[in-house]
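Could you walk me through this model in the viewer, one selection at a time? I would like to know what to click on and what I will find there.

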Amino acid sequence: MSQALSHIELMAGIGPDGAPVVERLQVQVNEKNECQLVRSPAFVKGIASGDVIKLIPAVEGQKGPQFELVRRSGNLAVRVMSKGDVQALSEGLTPLIEQLGGELDAESPRLLIYSLHVSLGFSTIEALLNNAMDDSSVWFYGNVYDPTDGTTPLNWWQELLDQV
């Protein structure tokens, strides 16, 4: 991977007004023109920090992803959303996630994005997140379920965990 950071834009969905929603992501580009994500995305589904993707040229009317997944990093993307300010939530949750080797990838007034390695175990991660939530907060995985239906597990971690 080259050391220089670049930015790419990926389609994240369609807004209420029917206009495309695009997310700008920081990446490292390698000699094969593949992009390794520096942080987990807030809105693009199916990928996380460290994953390597190859961009696919946009096609008129295309609804699917504008990228091909080349290699998974093993990281889970976790999105924490709140109706109010997330600062207090972040102050309590972020140190616990960092103790497990996870990272806070992004923070805005109502959104936190974390990356945690799947080898920590879903039950450990889910217990930590569930215990940290209050009545105005909720969390979601960004790359565990099929982006099309939102409920079918992708199961990409099975092969990775079998190697551990």
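Start by selecting residues 87-99, helix α1 of this predicted model. The helix has 13 residues and spans 18 Å from its first C-alpha to its last, close to the 18 Å expected at 1.5 Å a residue.

Next, click on Leu93. Here α1 bends by about 30°, and a proline, Pro95, follows within four residues. Leu93 is also buried, and so are Leu89, Ser90, Thr94 and Ile97 of α1.

Which elements cover the buried residues of α1? Among them are the strands β6, β7 (103-108), β8 (111-117) and β9, together with helix α2 (122-132). Just after α1, stop at Gly101, which takes a positive phi of about 95°.

Now stay with β6 (75-82) and β9 (137-141), as each supplies at least two residues of the lining of the second largest pocket. This pocket holds about 220 Å³ of space. Its lining has 13 residues, and the closest to its centre are Lys45, Arg79, Phe140, Tyr141 and Gly142. Colour the lining by class and you will get seven nonpolar, three polar and three charged residues.

For the last stop, go to the loop between β1 (5-14) and β2 (20-29), and pick Pro16. Is Pro16 buried or exposed? Pro16 is exposed, because its relative accessible area is 95%, and exposed means over 50%. To finish, draw a distance from the C-alpha of Pro16 to that of Phe43: they are 27 residues apart along the chain and separated by 15 Å.

Definitions and conventions. Residues numbered from 1 in each chain as written. Predicted model: local features only at pLDDT ≥ 70, side-chain atom pairs only at ≥ 80, totals over all residues. Heavy atoms only, no water. 1 Å grid on protein atoms, 1.4 Å probe; cavity = no way out; pocket = protein on both sides within 12 Å on 5 of 7 lines; lining within 4 Å. Points joined across faces, edges and corners; volume = space filled by probe spheres on them. Nonpolar A, V, L, I, M, F, W, Y, C, P; charged D, E, K, R; others polar. Expected span 1.5 Å × (residues − 1). Bend = angle between axes of the 7 residues up to and from the residue. Buried < 20%, exposed > 50% of the residue type's maximum accessible area, 1.4 Å probe, protein only. Contact = heavy atoms within 4.5 Å.
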